[in-house]
Amino acid sequence: MSDPWRRLTDDLAREGLCARVVPVERLADVRLRVSRALDDADLPSAVAAAVADDVAFDLPASARPWRSVVVFALARPLTRATLTWHGKEHTVPVPPHYAGYRSVPQAVARRVDELLRPDGYAAAHCEPALKTLAACAGLARYGRNNVAYVDGIGSWLQLGACVTDAPPPDDAIWGEPQLLERCERCTACLRACPTGAIGGERFLLHTERCLTYHNESRAAFPGWLEPSAHHAAVGCLRCQQACPEDRAAGLVEATPERFDEEETATILAAERDETAWAGLSPVTQAKLERCGLDYLPAVVARNLSLLLEA
Ligand code: SF4
Ligand code: SF4
């Protein structure tokens with residue numbers, strides 16, 4: 001790697017970020033790989049369309065052509081919300097990457113931009129299919145649960161990317177995504193998955209069975225999904241909690257954000273009226289953001305209702 005890139009990745013490493021840099025042309029390969037994976041997964045058409053929509057991306061506009069992509073990872077804490085409902089407190093977890101899902105990678109992209117400016121280059125946040133990009137760039141490896149793992153961080157992380165107009169390093173790594181070696185002799189996530197989404201016989205996740213896919217969606221839950229499978233405000237923690245690969249890296253738990261009865265009632269009201277959260281004070285809105293509940297209000301409200309009424 002050339003000196004400017006080594007300097008940048010070293011600076012980011014000092015700030016807790018692992019990063020790799022690849023030529024911008026690699027994004028075409030990312031698109032191709034995602035499209036092939038969707039074909040191979042043989043998903044129901046509605047699921048395939050939703051996943052394709054989720055990973056579709058455009059590059060930001062720029063007067064100068066983008067030449068390289070920085071893909072990065074940073075550890076994120078488990079966040080929690082303590083909601084007061086019918087006089088009782090309920091603490092609900094939110095998987096680590098929801099808090100700051102957009103704002104954290106955007107802040108890192110601004111930092112990369114700041115670090116490149118003295119050399120006359122710029123960077124801008126972009127959202128390609130991050131797991132594919134990180135895995136092919138050698139930043140992450142896949143677990144059997146199709147989650148991305150980064151050495152030294154584990155899987156409790158946030159991935160992000162930005163494009164830059166700086167020429168890419170000559171020795172940028174690019175190749176086939178690698179699987180964790182431990183997965184060859186481990187089935188902990190497969191056994192822990194509450195919905196049978198992890199295939200023993202195939203690497204690709206059965207997305208249409210994954211709890212995260214369903215509880216991130218506005219669509220009604222399928223009849224086969226057991227109410228007892230729900231345990232988080234959104235997403236699912238089970239396969240990562242079971243994974244021995246994560247034990248060494250550890251998971252930091254943030255102090256729960258507390259919501260009183262009135263705040264909780266307004267949060268839950270978004271299930272019927274998506275605009276309900278507009279009535280929340282800036283202080284409450286900030287707490288929602290800090291603990292990652294600011295993902296789609298109607299979806300989060302539906303999931304929380306289910307957990308609080310259980
Ligand atoms: S639980 Fe085991 S099989 Fe699953 S991702 Fe972790 S190491 Fe791999
Ligand atoms: S996120 Fe949950 S439902 Fe999806 S594969 Fe992991 S354990 Fe199974």
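Author: Two strands are taken to pair if DSSP finds at least two bridges between them. The model discussed here is predicted.

Reader: Which residue of β4 is the bridge partner of T79?
Author: Strand β3 covers residues 79-85, and β4 covers residues 88-94. These two strands pair in the antiparallel sense, over seven bridges. Within this pairing, the partner of T79 in β4 is V94.

Reader: In the hairpin of β3 and β4, which residue takes a positive phi?
Author: The hairpin has two residues between its strands. One residue there has a phi near 50 degrees, namely H86.

Reader: Which residue of β9 is the bridge partner of T82?
Author: Besides its pairing with β4, β3 is joined to β9 (residues 257-259) by three bridges, and these two strands run parallel. In β9, the bridge partner of T82 is R258.

Reader: How many residues of β3 are buried?
Author: A residue is counted as buried under 20% relative accessible area. By that criterion β3, with its seven residues, is mostly covered, and the number buried is six.

Reader: Which residue of β8 is the bridge partner of V71?
Author: Strands β2 and β8 run antiparallel and are joined by eight bridges. Among the residues bridged in β8, the partner of V71 is A161.

Reader: Which residues touch the most other members of the largest nonpolar core?
Author: This core has 29 residues. The elements giving two or more residues to it are α2 (26-41), β2 (68-75), β5 (123-126), α5 (130-136) and β8 (157-164). The residues with the most contacts to other members are L27, V69, L133 and L159.

Reader: With which residues is L133 in contact, leaving aside its neighbours within four places in sequence?
Author: L133 is one of the residues that touch the most other members of the largest core. Once sequence neighbours within four places are set aside, the contacts of L133 are V22, L27, V30, V69, V71, P128, A161 and W174.

Reader: How many residues does the second, separate core contain?
Author: Among the members of this core are A81, A233, A269 and A276. The number of residues in this second core is 24.

Technical notes
Residues are numbered from 1 along each chain as its sequence is written. Chains are lettered from A and ligands numbered from 1 in the order in which they are written. This is a predicted model: local features need pLDDT of at least 70, side-chain atom pairs count only at pLDDT 80 or more; totals for chains, interfaces and linings use all residues. Side-chain values use heavy atoms; hydrogens and water are left out. Buried means under 20% relative accessible area, exposed over 50%, partly exposed in between (1.4 Å probe, protein chains only). Helices (H or I, at least four residues) and strands (E, at least two) are DSSP runs, numbered from the N terminus. A nonpolar core is a set of buried Ala, Val, Leu, Ile, Met, Phe, Trp, Tyr and Cys residues joined through side-chain atoms within 4.5 Å. Contact means heavy atoms within 4.5 Å.
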